[in-house]
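Subject: Structure handover

Hi,

Here is the structure I promised to pass on to you.

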Amino acid sequence: MSSALAEAATSTPELPARRRERGRLLQHSVYLTARSLRTLWRQPTFAAMTLIAPIIWLLLFGQLFRSVVHIPGFSTGSGSYLEFITPGVIVMTALFSSGWAGTVYIDDMNRGVMDRLLASPVRRGAMMIGTLAYQAVTTVVQTLIVFGVAYISGARFRGGVVGIVVTIVAAALISVIMASFSNALALLLRQQEALIGVSQFIVLPLQFLSSAIMDTRLSPHWVQHVARYNPVDWAVVASRQALSAGTEWGAVWPRLGFLAALAAAMAWLATRAFRSYQASI
Amino acid sequence: MSDSSSPALSAVDLVKTYPGARGKPRIRALDGLSINVQAGTVFALLGPNGAGKSTAVKILATLSRPDSGHASVAGIDVLRDPNGVRHIIGLVSQKASSDPMATARENLVLAGRIHGMSSSSARARAADLLSRFALDEAAERLAKTFSGGMARKLDVAIGLMHRPQVLFLDEPTTGLDPQARTELWAEIDRLSAHEDVAVLLTTHYLDEADQLADRLAIVDHGRVVVEGTPEQLKAELKGDTVQVELATAEAIPGAMVLLSRIAGLRDVASVGASLRARASSGARAVPSLLSALEDADIAVSSVTVARPSLDDVYLHHVGRSFEVAA
């Protein structure tokens, strides 16, 4: 798909070096993303589970907490808990799936794949972008499926296509943030059990200290306070606003902006963690 | 990009330390290691586990930075221009380095693409390497289904995809069964016929270094103890190796004293329950050796006279037998 780009990058030396370098970074990222997607494709059970899990969460939580909308003060915008929880489950799915991102690096370290890539012209940035883009692609597919199941189950989103696009972007950004964190942990800890332990320890509080499944205005005061700084809450609030009838865009754009900035910062920091790994070998 | 007059690989006074266990001093993995490898030759670093061989490879392959010293590949400094070095090296690390969830062909093509080969030239090169390493039939199988020998051949092929100037083979045959080992040796031996590549091979098998290396360096405690061609190193020892196995190990000290008094025997050393010595002519030394031991009532179970082996070279320079060290 990018062979034309490859030829151009290698056959035109007069192209500015920086642009050529960026072209190669992109190209390597594409190769590595494709490698991960192919691996997923070859593990049909795992692929199926990544798609079925969010559906189960949506239907399970949607049923389980259905009556919370009747608590005085609970605001859903339109009335149905399913509509309230859909962006919550989408962001939660992105968060949980990406928490495992670093396991790919650990597998590569346990074999000689990581060392081989590090001793090749592949930039550390491309190795990072490759795994992050793969997680983001997975998240987009999961998000579309959750929307589909929510629609079949009767949820209607007044925000329309724009609302769905905003939700996809927010979920993908959360996915990049969490996957960067997981990748950094993998490079620092270099051990599967430690990575999963720490990652799970972080993911659950992030999930529950947000308005993903519960209106935080009904939670204790301190939870509301913490949620304001929780990126998971930014993603949920931005998505929910964009999906509702009278979207307050003033609540959406700053949150998306914060998410994008945090995603970029986390990806950069995670790429720096390659130094720690290399110092250890 | 590379200077043709410079050696394929050069390392000067490499020092590398790692943090020791809590409260322990730092571990000195490399302690002033220096080597020079000429283009198109196979150079072996021979030494027991922990001698520093792999650390040297990691520094030369830009994975790790030395505490001090210089290293360059084809004239390119590994510290100043690591990315330049990465374009012209291939690394086959100790661990399997293929992607288990990709087929042999996919592994090769991706390795080529990463090095900037076009899709068509990567496919052609992959097909060429698959047939040369007798992996054609397994080309579309996932690498995770490969036997140890096949996986290792694939690793070497991956390392060669982009026609590197220097190929690092870090303990390529460790863990392979004897047949797979012989097969891989044949492939490595044939490399120079097909590729214009210098090979840095690390091994803790004496026979492997003897068989494959144009030159070798014996590494011990992070430095090169002696270096030369296998023939040179063996010839330097002059004469034969006489090995005497005694019936009981208790007799060793007494026998050592007796042997060192015999004219024509030198470098007497004990290795387990046997004694080893060097003789300018083994055949002439054996009768007097046997009668001396018989007079002292020391029972001998066997005597062998042989041309010097690399193990003798190792014993001579390091002061202990390789078999005991490794």
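The buried residues of helix α10 in chain B pack against β11 (240-246), α9 (252-261), β12 (265-271), β13 (274-279) and β14 (300-306) of chain B. Before I go on, please note that this is a predicted model, in which local features need pLDDT of at least 70 and side-chain atom pairs count only at pLDDT 80 or more, while totals for chains, interfaces and linings use all residues. Residues are numbered from 1 along each chain as its sequence is written, and chains are lettered from A and ligands numbered from 1 in the order in which they are written.

Helices (H or I, at least four residues) and strands (E, at least two) are DSSP runs, numbered from the N terminus. α10(B) covers residues 282-295, and its 14 residues reach 20 Å from the first C-alpha to the last, close to the 20 Å expected at 1.5 Å a residue (the expected span is 1.5 Å times one less than the number of residues).

Which residues of α10(B) are buried? They are G282(B), A285(B), V286(B), L289(B) and L293(B). They cover an arc of only 110° around the axis, which puts them on the same side of α10(B) (the arc is that of the directions from the helix axis to the C-beta atoms). The face turned away from that side carries the exposed residues P287(B), S291(B), E294(B) and D295(B). Here, buried is 20 or more other C-beta atoms within 10 Å of a residue's own, exposed is 12 or fewer, and partly exposed is in between, with C-beta atoms placed from the backbone.

Just after α10(B), D297(B) takes a positive phi of about 60°. D297(B) sits in the loop between α10 and β14 of chain B, and is exposed, with 8 other C-beta atoms within 10 Å. In chain A, R190(A) also is not a glycine and has a positive phi of about 55°. Most residues other than glycine have a negative phi.

Now for the cores (sets of buried Ala, Val, Leu, Ile, Met, Phe, Trp, Tyr and Cys residues joined through C-beta atoms within 7 Å). The largest nonpolar core has 158 residues, and those touching the most other members include V91(A), I174(A) and L60(B). Helix α8 (residues 160-189) of chain A gives the most to this core, with 16 residues. Apart from it lies another core, of 13 residues, among them V244(B), L259(B), L275(B) and A285(B).

Best wishes

Notes
Two residues are in contact if their C-beta atoms, placed from the backbone, lie within 7 Å.
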